[in-house]
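This report looks at charged pairs, at one helix and its cover, and at the packing of nonpolar side chains. Please keep the sequence and the coordinates at hand while reading.

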Amino acid sequence: MKTTIGQTIALHRKKVGLTQEELAEKVFVTRQTVSNWENNKSYPDIHSLLLLSSLFHVSLDQLIKGDL
């Protein structure tokens, strides 16, 4: 089963030991926005994806496609 981008964000967030609030501060969004991403209610914009990729030390490909 393919991992969603929300699951991937949640996994990487937990790996680096951040709360949703802490991640939100680092990528300049609200905690609710992070929650919406993780629950697949919305998706990060390209700027947020770049910040997440850098923060989690993964490529955009890995972040977007998950564990293919």
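## Salt bridges

At 38% relative accessibility, K65 counts as partly exposed, and in this predicted model K65 forms a salt bridge with D61, the closest N and O atoms being 3.4 Å apart. D61 is likewise partly exposed, with a relative accessibility of 46%. Both K65 and D61 belong to helix α5 (residues 60-65), where they stand four residues apart, or about one turn of the helix.

The structure holds two salt bridges, and another pairing is that of E38 with R13, whose side chains meet at 2.5 Å, N to O. Because E38 sits in helix α3 (residues 31-38) and R13 in helix α1 (residues 5-15), this pair ties together parts that are 25 residues apart in sequence. E38 is buried, at a relative accessible area of 12%, and R13 is also buried, at 9%.

| Residue | Relative accessible area | Class |
|---|---|---|
| E38 | 12% | buried |
| R13 | 9% | buried |
| K65 | 38% | partly exposed |
| D61 | 46% | partly exposed |

## Helix α3 and its cover

E38 is one of the buried residues of α3, which are V34, S35, W37 and E38. Because these residues cover an arc of only 160° around the axis, they lie on the same side of α3. The cover over the buried residues of α3 includes α1, α2 (20-26) and α4 (46-56). After α3 comes N40, whose phi is positive, near 55°.

## Nonpolar core

Which residues have the most contacts inside the largest nonpolar core? That core has 13 residues, and the ones with the most contacts inside it are I9, L23, W37, L52, F56 and L63. Two or more residues are given to this core by each of α1, α2, α3 and α4, and the largest share, three residues, comes from α4. In soluble globular proteins, nonpolar side chains tend to be buried together.

Methods:
Residues are numbered from 1 along each chain as its sequence is written. This is a predicted model: local features need pLDDT of at least 70, side-chain atom pairs count only at pLDDT 80 or more; totals for chains, interfaces and linings use all residues. Side-chain values use heavy atoms; hydrogens and water are left out. A salt bridge is a side-chain nitrogen of Lys or Arg within 4 Å of a carboxyl oxygen of Asp or Glu. Buried means under 20% relative accessible area, exposed over 50%, partly exposed in between (1.4 Å probe, protein chains only). The arc is that of the directions from the helix axis to the C-beta atoms. Contact means heavy atoms within 4.5 Å. A nonpolar core is a set of buried Ala, Val, Leu, Ile, Met, Phe, Trp, Tyr and Cys residues joined through side-chain atoms within 4.5 Å.
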